[in-house]
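Student: I would like a close look at a single part of this model. Please pick one element and walk me through its surroundings.

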Amino acid sequence: MPRKPRPARLALAVLLALPALALAQAEPADQDEHDHETPRTLDTLEVTASPLRGSIDDLVRPVDVLGGEALDARKAGTLGETLERQAGVQSSYFGAGVGRPILRGQDGARVQVLSSGTSAMDVSTVSADHAVGIEPFLADQIEVLKGPATLLYGSGAIGGAVNVVDGRVPTLQVGRTVSGRAEIRHGSVDDQNTGMARVDADAGALTLHADLFRRDAGDYRIPGYAFSPELVAEGLAEGEDPEHFARGRLPNSHLSTEGGALGGSWFGERSWFGMAASTYRSNYGIPPGAHAHEGEEDGHEGEDHEGEEAEVVRIDLRQDRFETRGGVRDLGLFEEVNWRLTRSLYEHTELEGDAVGTRFDNDGLEARIEAVQRERNGWRGAFGLQFGHRDFSAAGDEAFVPPSVTRDLGVFALQEKDFGDFKLELGARHDRVRTDPDGDAPTASIGATSLAAGGLWRFSESLHLGVNLNRAERAPTAEELFSDGPHVATQSYELGDAALDKEVALSGELGLHLHHGRFDGSVSVFRTQFTDYIYLADTGSEIDGLPARAWVQGDAVFSGWEAELGVELADNASGLWQLRLFADHVDASLDDGGRLPRIAPGRVGADLDWNRGAWRARVGVVRVSKQDEVALMETPTDGYTLVDAGLTYHWDVGSAGWEAFLEGRNLGDQEARVHTSYLKDFAPLPGRNVMAGLRVAF
């Protein structure tokens, strides 16, 4: 695909021009030293995903926040890859363009992905090859709500939620005339060029926002063959040409992604109102082996056959979002009442060569209102109402899900109170989910009720013990209810069941948090018992030459643990040395003794950070274990070790802080295959990648 250099030059021009604007607006040298800090939204760890906002240390629920320098070091092309070094978080993988977060073994329709508190409203839960329509490079911070988040976001968050805070609708004034940041970078593994820029400006009672980004990347380099050693050996034994297995680069993995937004808010004494319009566009390839069609009867799926070329499949995605938000303070019994309304127009087309294969459309609307009560007898709380409308359609040869309209109405309440050193939190929510499919299939109308209780015991200044108990319910999705057709991403013929009942999860978690001097850490153990867990099972038969897999229900158990420890090793003339250790593990099985497929393996990792003056550096390593506890018809996946490192130099010019950086990922050039991916036998992770770039914040 030909390069498009103009957006990269535009990003560079913006990168160089924005600090000049900041200098023109700079205060005299004796003004507040905070004029020289990075953007204000990265300076705190306030969690915005809950109406009862507070610092991360005061929350009963398990929440991680990735922001500031840590977020800068981990930003990647997909949300899953950006978060995968967080304890308890891994990523799905379907080529360079697709990576969705997996929380404690839960993914897909059980993990809600949010943009500043509102559903992403894409179709990333419909199929494993569909991307999330959110750009991580624009994030102020990313909040990960582990465990059931159904109280806040409905049954689609039974496994947790990820909230990307982007500030496109400003919720606070900047506090000075102009603020912003920009970045350009180049990556060696895929010749990737990325550029982004953002500006926020106060103009009296108005705060304005603008951002843009673009990323272009070619086919990425891999250490060996694209196909797994087992498939290569089998093919060579049958006389296949080695070139059919692709060596050195992963074919059809190139991509281009771009987008931007304009927004603004008005702030009065007791009220505020804001709105934003944004667009996200991506064109990415699906690596060979993912899309198998009738007629590929000889050899391996996805290979070239003699006399014909492998089919090239790409996805052309576009999403436009329109958001309005507002709030009123000091309103009678309530400290504040906030509301938001979001409209999303999503479409993507699966292109098979030059022909249109399948087209997906999703017209979404979400409205939400939250009222935070005044404290009464020590009780603090919030009440909320949420409405969602999803008009989904798919047309084409691979439209395995019929068009449908889904409506969701939910109401929830949260309450918390401190009893000395103990904090109690209670919550409840009820949703009514109605799905109307086209055709003769019956309407599905299901109620889902969730209850939660949690406590935080501060039994010393440095040790806190958290306990959470949940009973959560999830209504089945349209894909689980009404699928009937070939689904190329799963390489199967999928069969839904309109009679599926809601799944029920009983979960408990115990977490210990340490904050003492040079040490900061946590360890958690959790267990979730699912009744009527919905999963895709192999039937042992074939339809149209594809293995038939049906959405069925059965009881299942997820259990696991995660641990993280940060230590300040030294702070002396040699600099500040900090060590972070983390590990996690999850086990998932059916009550009948079978295993669930594509469960993320256990990991252990370490990061060493160094800061001295204008310099900072880091080196990290993560060991991903072999996954040999597999489901029926699933193969084990070898473990692997990834090493990464980074070096950054910082300098100030007026009110602008500049950074030049060098980052390396998979420095050992290891062949790594992701067990959670349907493509593990066809597409390894990228090989050694060295990235260089420049960023500025003012």
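Tutor: Start with the whole chain. It holds 6 helices and 35 strands. The model is predicted. Of the 698 residues, 54% count as buried. The chain exposes about 28,600 Å², and carbon and sulfur atoms supply 55% of that area. Now the contacts. Take those between residues at least 6 apart in sequence: 67% of them join residues at least 24 apart.

The part to zoom in on is strand S8, residues 141-146. Buried here means under 20% relative accessible area. In S8, 6 of the 6 residues fall below that cut-off, so the strand is largely enclosed by the rest of the structure.

Next, the side chains. In a regular strand they alternate between the two faces of the sheet. In S8, Gln141, Glu143 and Leu145 point one way. Ile142, Val144 and Lys146 point the other way. Both sets are buried, Glu143 and Lys146 included.

Now the strands that pair with S8. One is strand S3, residues 63-67. S3 and S8 run in the antiparallel sense, joined over 5 bridges. Within this pairing, Leu66 stands opposite Ile142 of S8. Another partner is strand S9, residues 160-165. S9 also pairs with S8 in the antiparallel sense, here over 6 bridges.

Definitions and conventions
Residues are numbered from 1 along each chain as its sequence is written. This is a predicted model: local features need pLDDT of at least 70, side-chain atom pairs count only at pLDDT 80 or more; totals for chains, interfaces and linings use all residues. Side-chain values use heavy atoms; hydrogens and water are left out. Buried means under 20% relative accessible area, exposed over 50%, partly exposed in between (1.4 Å probe, protein chains only). Helices (H or I, at least four residues) and strands (E, at least two) are DSSP runs, numbered from the N terminus. Two strands pair if DSSP finds at least two bridges between them. Contact means heavy atoms within 4.5 Å. Accessible areas come from the Shrake-Rupley method with a 1.4 Å probe; for residues, only the protein chains shown count as cover.
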